[in-house]
Amino acid sequence: MNEKTGRLRRAPEGFLSRQDLALMQQQAPAERRRFLRGAFAAASAALATGALRAQANPVPAEGGDPQILNLPPHALSLGQPVALEGYGKPSKYESNLQRRQSPGLTQTRQASVSFAPLQGLFGIVTPSGLHFERHHQGWWDIDPSTHRLMVNGSDEKMLKRAMVFTMDELMRLPSVSRFHFIECGANTGMEWGNVAVPTVQYSHGMLSCSEFTGVRLIDVLEMCGVDLRRARFVLAEGADGSAMTRTIPMELVRSGQVLLAYGQNGEMLRPENGYPLRLVVPGVQGVSWVKYLRRIEVGDQPWASKDENIHYIDLMPDGLHRQYTSIQEVKSVITTPSGGQVLLDKGFYNISGLAWSGRGKIAKVDVSVDGGRNWRAARLETPVLDRCLTRFNLDWVWAGQATLVMSRATDDTGHVQPNYAQLRAVRGRRSIYHNNAIQTWLVQESGEVKNVQLS
């Protein structure tokens with residue numbers, strides 16, 4: 001490779017304090033947006049100062065690099081004792097990479113969202129400690145020895161026998177492990193009307209991907225003697241105070257996709273992610289992945305619960321609402337370069353991002369660096385799995401000009417990610433959920449990357 005490799009300055013992550021968030025909650029939406037832009041600009045300036053300090057110790061043009069010639073302390077003495085930390089933690093130099101609470105999105109911290117830092121992650125797996133959160137009444141750390149899962153039918157003939165399972169009983173059953181993405185239905189929801197947030201963490205960060213381990217729900221239902229000729233839906237109920245209940249179509253359960261999961265990324269679920277038991281419904285919006293799962297009911301019709309009647313419904317341009325639109329459609333986003341980052345040099349860059357579809361596997365991802373006039377096929381990193389994040393990459397040489405960078409994913413069912421004009425022609429501008437439009441980043445001549453939308 002002959003081109004000089006360009007350097008990238010990271011986006012400011014924690015640009016809002018708790019005091020800032022409290023102040024934003026008292027403001028009108030327009031004032032919140034102005035406040036957000038001002039806070040982000042200040043954080044960017046502070047990060048620029050830090051970046052300049054980092055560049056103040058360059059490799060000498062002539063002579064040896066002192067970082068090579070002079071042995072550092074860690075090469076001259078003993079390190080920390082083995083197993084000093086019973087549970088490993090990230091390096092102190094990576095402490096700024098955190099999930100962040102949504103800026104002014106909700107009135108209480110218990111019924112709120114935290115966003116995963118997509119711009120700082122590699123591959124497809126989200127570390128459990130950085131997995132995005134969505135809670136409707138806060139999270140709990142539940143004693144697994146007292147937790148129970150009840151399975152019953154909507155009438156006496158739906159199941160031959162209702163059963164109650166302890167966690168030990170569930171964990172003795174044959175298990176499976178699968179990699180799947182989970183995305184909140186409201187991910188990118190703030191962008192429906194216009195550009196609302198500066199970085200990919202806040203625009204697309206209600207998205208994560210993990211290896212989940214658990215028992216297939218169909219196996220448990222068959223233990224209970226389910227009548228598969230009559231059963232058309234199941235109701236999943238959580239144990240937290242929000243009384244979260246969601247209807248799941250039986251065809252998903254019968255396919256073996258739906259899991260009663262207790263494991264995540266090789267260990268037990270984290271409390272924020274539903275410990276000790278949650279539902280995994282691949283390809284379906286995250287609200288249906290009920291956390292702290294305590295009951296499954298089998299029935300022959302949808303339940304129309306509160307979170308299906310007045311929440312998680314799609315407002316259409318004619319004023320009607322669509323219900324039970326749970327599938328997360330094909331979508332992608334470039335994470336590098338992305339909003340808030342700065343390209344410091346002309347030269348070679350690796351464009352990288354994530355693609356996913358609730359209908360199957362990613363078939364291809366096209367990338368444009370000229371606002372959609374021309375597209376190039378990106379490389380898909382393996383593995384490419386069903387209803388899982390797929391990492392893509394594309395070589396790019398930046399000559400220092402202003403340019404618009406975007407990605408467009410296609411899944412193996414033939415669905416193609418739409419642009420905003422195509423999506424709004426069907427859905428309008430007043431929706432909240434299921435925004436899978438193409439994301440555009442403007443790389444300015446200065447190297448600064450901004451969130452923009454093309455009409």
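This is a short walk through one predicted model, from its overall make-up to a few of its residues.

Let's start with the whole protein. The chain has 455 residues, and 51% of them count as buried. The secondary structure comes to nine helices and 26 strands. What share of the contacts with a separation of 6 or more comes from residues 24 or more positions apart? That share is 72%. Now the surface. The accessible area is about 21800 Å². Carbon and sulfur atoms hold 53% of that area.

Next, charged pairs. How many salt bridges does the count give? The count is 21.

Take Glu237 and Arg294. Their side chains form a salt bridge, at 2.7 Å from N to O. Where do the two partners sit? Glu237 is in strand β9, residues 233-238, and Arg294 is in strand β14, residues 293-299. The two are 57 residues apart in sequence, so this pair ties together separate parts of the chain. Is Glu237 buried or exposed? Glu237 is buried, at 14% relative accessible area. Arg294 is partly exposed, at 38%.

Arg408 belongs to strand β24, residues 403-411, while Asp366 belongs to strand β20, residues 362-368. That puts 42 residues of sequence between the parts this pair ties together. Look at the cover on each partner. Asp366 has a relative accessible area of 8%, so Asp366 is buried. Arg408 comes out at 23% and counts as partly exposed. The cut-off matters for Arg408: buried means under 20%.

Glu448 is partly exposed, with 32% relative accessibility. Lys450 is partly exposed as well, with 33%.

Now the backbone. Two peptide bonds to look up on screen. The bond that joins Thr336 and Pro337 is cis, with omega at about 0 degrees. Pro337 lies in a loop, with β17 (331-336) on one side and β18 (342-343) on the other. Then go to Thr382 and Pro383. The peptide bond between them is cis too, with omega near 0 degrees. Pro383 sits in the loop that runs between β22 (379-380) and β23 (390-398).

Stay in that loop for a moment. Arg387 is also found between β22 and β23. Its phi is near 50 degrees, which is positive in a residue other than glycine. Is Arg387 buried or exposed? Arg387 is buried, with 14% relative accessible area.

Last stop, Tyr312. What is phi here? Phi of Tyr312 is near 55 degrees, again a positive value in a residue other than glycine. Tyr312 is in the loop between α8 (306-309) and β15 (314-315). Its relative accessibility is 5%, so Tyr312 counts as buried.

To recap: nine helices, 26 strands, and 21 salt bridges. Thank you.

Notes:
Residues numbered from 1 in each chain as written. Predicted model: local features only at pLDDT ≥ 70, side-chain atom pairs only at ≥ 80, totals over all residues. Heavy atoms only, no water. Salt bridge = Lys/Arg side-chain N within 4 Å of Asp/Glu carboxyl O. Helix = DSSP H or I, 4+ residues; strand = E, 2+ residues; numbered from the N terminus. Buried < 20%, exposed > 50% of the residue type's maximum accessible area, 1.4 Å probe, protein only. Contact = heavy atoms within 4.5 Å. Areas by Shrake-Rupley, 256 points an atom, 1.4 Å probe, with all protein chains shown as cover.
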